[in-house]
Amino acid sequence: MSVPSTADLVVVANRLPVDRVVEPDGSIGWRRSPGGLVTALEPVMRSHDGAWIGWPGGTDEIAPEPFVEDGMMLVPISLSEQEVEEFYEGFSNGTLWPLYHDLVAKPEFHREWWEAYVAINERFARRAAEVAAENAAVWVQDYQLQLVPQMLRELRPDLRIGFYLHIPFPPTELFQQLPWRRQILEGLLGSDLIGFQLGGGAANFVRLVRQRVGHKTHRDTVHLPDGRVVRAAPFPISIDARGFEELARSAPVEARAREIRAQLGDPDTVFLGIDRLDYTKGIYARLRAFGELLRDHRLDVEQATFVQVATPSRERVEQYRQLRDETDRLVGRINGDHGRLGHPAISYLHSSYPREEMAALYRAADVMVVTPYRDGMNLVAKEYVACRLEDDGALVLSEFAGAADELRQAWLVNPYDLNGMKDTLVEAASASHKEKHRRMRAMRRQVMENDVKRWADAFLDELLYDGEHDPSLRPPPRF
Ligand code: G6P
């Protein structure tokens, strides 16, 4: 298939939705990469014939040529070893990530990291300016690329530019710590529309713009001196709910779910956690709570077991290395103290799995445990709900996950309150079938109705038509 040179919808994200892999025979191939963002945007890109600009992972001095994969035009941006260290591991994940997640870890501020962030954002903006057709829509994603909207607007004033932040936007008191706070705000203001997970993030942003940049604001809009208007609004992201439901319904997944339960010794209660191994996710706290429940004899290891999948992530960043060591130690201790032959307390899997295996795990789990200290949304919680075809199972969910706004019928917990979390785990596990059913049915309705397609359509409608989708008044989109 020949590669088109420009596109009418361009997604710009730090990662391409594929990873570059070297096959055993030495040839280069591409494999779908895991991660919420990819899962969320892929259906939209397929249906819109768009282009996706991003980093394929790894280090390369020269970017591979654009190529077509699964009906999408993919445009790789390469990063050198030093750029990965300073832009990706450094400013993105050592400065912004902890700062935007309530300082769960301490952010580091380094001027070289900032300079790399500016330079790489410039690289993405230039490439987007080349790939976007005239009057195209460009949708920039996430905290790694907050300067791109402004840079791109300078290069291509004809474009409609949207930005979506997948992680929380912090309260003003925390954001103010950032030495480059004004540049970030101005970078984002290059957009026509800025999407956040929750209304609180949008409000934080508008307040900061008023205080720090001095622009006039009115409710959710910012009025720039040149007359341009920028809107900041919540668009809670979701999942390919039907896709997950269908997968969960398929015979192989059902068989695999049964097999998993049998391998676990057919206990009464299977608790499940699935997360990137990240300090924001509260994995340590939830495993401690489970360990204490065994110690207190409120749970018995022959009747209850915990499966924790921890997907390797950002492994060269110091805080992530530490977290891995601490988690390894805790799991070892709990299994040593409470496991019995053939009955480990925790099955800890430091690995990533295909969607089929995830769906089987969701089907096999009685209680899904999602306990982040802070999370923009948390798509795992929604995936679990989508996979519970019979409206059964229980979701224990942190109040500090964006998903808690929509999934009100979950068993909500404060992950900092260990005793509260212990009580809730027991309560969720021992709830009556009727109670679980009532809660899950309401949550399933919410997730099935508000899927990722709806999310993307809402954002793109707003970006292209200011929310008034009346084709007789405005030119139709060109895709
Ligand atoms: C979060 C971020 C995404 C990121 C993903 C995986 O969901 O919001 O932007 O792609 O984590 O992290 P990684 O550092 O591997 O891209």
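A salt bridge is here a side-chain nitrogen of Lys or Arg within 4 Å of a carboxyl oxygen of Asp or Glu, and by this rule three salt bridges cross the interface of domain 1 and domain 2. The legends below describe a predicted model.

**View 1. Domain 1 and domain 2 of the protein, as given by the domain assignment.** Domain 1 is made up of residues 7–237 together with 454–473, while domain 2 covers residues 241–449. The centres of the two domains, taken over C-alpha atoms, are separated by 30 Å. To the contact between them, domain 1 brings 25 residues and domain 2 brings 23 residues.

**View 2. The area buried between domain 1 and domain 2.** The size of an interface is often expressed as the accessible area lost when the parts come together. For domain 1 and domain 2 this buried area is about 2,000 Å², with carbon and sulfur atoms giving 58% of it. Of the area that domain 1 buries against domain 2, 26% is supplied by E89, W97 and V104, which is more than any other three residues supply.

**View 3. Polar and charged pairs between domain 1 and domain 2, and the side of domain 1 that takes part.** Among the pairs to look for is the salt bridge of R374 with D102, in which the closest N and O atoms are 3.0 Å apart. On the side of domain 1 that touches domain 2, helices α1 (36–48) and α2 (81–100) each supply at least two residues, and α2 gives the most, with eight residues. The residues of this side of domain 1 comprise twelve nonpolar, six polar and seven charged ones.

**View 4. The surroundings of the ligand.** Around the ligand stand R15, Y88, D142, Q144, H166, I167, R276 and R314. In the side chain of R15, an N or O atom is 2.6 Å from an oxygen atom of the ligand, and in the side chain of D142 the corresponding distance to a ligand oxygen atom is 2.5 Å. R314 likewise has a polar side-chain atom that lies 2.8 Å from an oxygen atom of the ligand.

**View 5. The salt bridge between R231 and E462.** In one of them the side chains of R231 and E462 meet, at 2.9 Å from N to O. Because R231 lies in strand β12 (residues 229–234) and E462 in helix α16 (residues 452–465), the pair ties together parts that are 231 residues apart in sequence.

Key: Residues numbered from 1 in each chain as written. Predicted model: local features only at pLDDT ≥ 70, side-chain atom pairs only at ≥ 80, totals over all residues. Heavy atoms only, no water. Domains from an automatic or database assignment. Contact = heavy atoms within 4.5 Å. Buried area = accessible area lost by both parts, 1.4 Å probe. Polar contact = N/O pair within 3.5 Å; in protein donor to acceptor, adjacent residues only side chain to side chain. Helix = DSSP H or I, 4+ residues; strand = E, 2+ residues; numbered from the N terminus. Nonpolar A, V, L, I, M, F, W, Y, C, P; charged D, E, K, R; others polar. Near = heavy atom within 4 Å.
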